[in-house]
Amino acid sequence: MSVTLIIFVAVIVFGLTTGTITTIMAFKLLRNNKEKHHLRKSILMDGIPTEAIIHDIVQTSSSMDGRPGVRLDLTVTQVDGRTFPTIVETYIPITHIPHFQKGNVINVRYIALGNERKVEVQDAYLP
């Protein structure tokens, strides 16, 4: 076999391997995003409704369908009156931005998964 043929075969094998790995990683990322999106929707559908106080709001560098991404530092009041702090990253419709100011009370829903609580903002944008 000539050196040219060996190099050609090596390049083809390398291309197929990296292409396969890239495809697998892309499908894993898509599946994880779909699961995360499904969890967010199930929290909004089946979660316990309550209120939260906004302690801080920071715009992130992301946006979705023209809605800005924000990171909310919240204190959530549970049904039994106890509170817990949480940070939620979500997207807010531009028309709702005046409601999302420091010190305001917003509607949220949460679920308890073991010792962890997952919170979603009711007026947030979900595609």
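How many helices and strands are there in the protein chain, and which residues of helix H1 are buried?

Modeller: This is a predicted model, in which local features need pLDDT of at least 70 and side-chain atom pairs count only at pLDDT 80 or more, whereas totals for chains, interfaces and linings use all residues. Residues are numbered from 1 along each chain as its sequence is written, and side-chain values use heavy atoms, with hydrogens and water left out.

The protein chain has one helix and five strands, where helices (H or I, at least four residues) and strands (E, at least two) are DSSP runs numbered from the N terminus, and their order from that terminus is α-β-β-β-β-β.

Within H1, the buried residues (under 20% relative accessible area, with a 1.4 Å probe and protein chains only) are Arg40, Ile43 and Leu44. The buried residues of H1 pack against strand S3 (83-91), strand S4 (105-113) and strand S5 (116-121), contact being heavy atoms within 4.5 Å.

As for the whole chain, buried residues make up 27% of its 127 residues, and the C-alpha trace spans about 75 × 35 × 20 Å along its principal axes. Of the contacts between residues at least 6 apart in sequence, 56% join residues at least 24 apart.

Definitions and conventions
Buried < 20%, exposed > 50% of the residue type's maximum accessible area, 1.4 Å probe, protein only.
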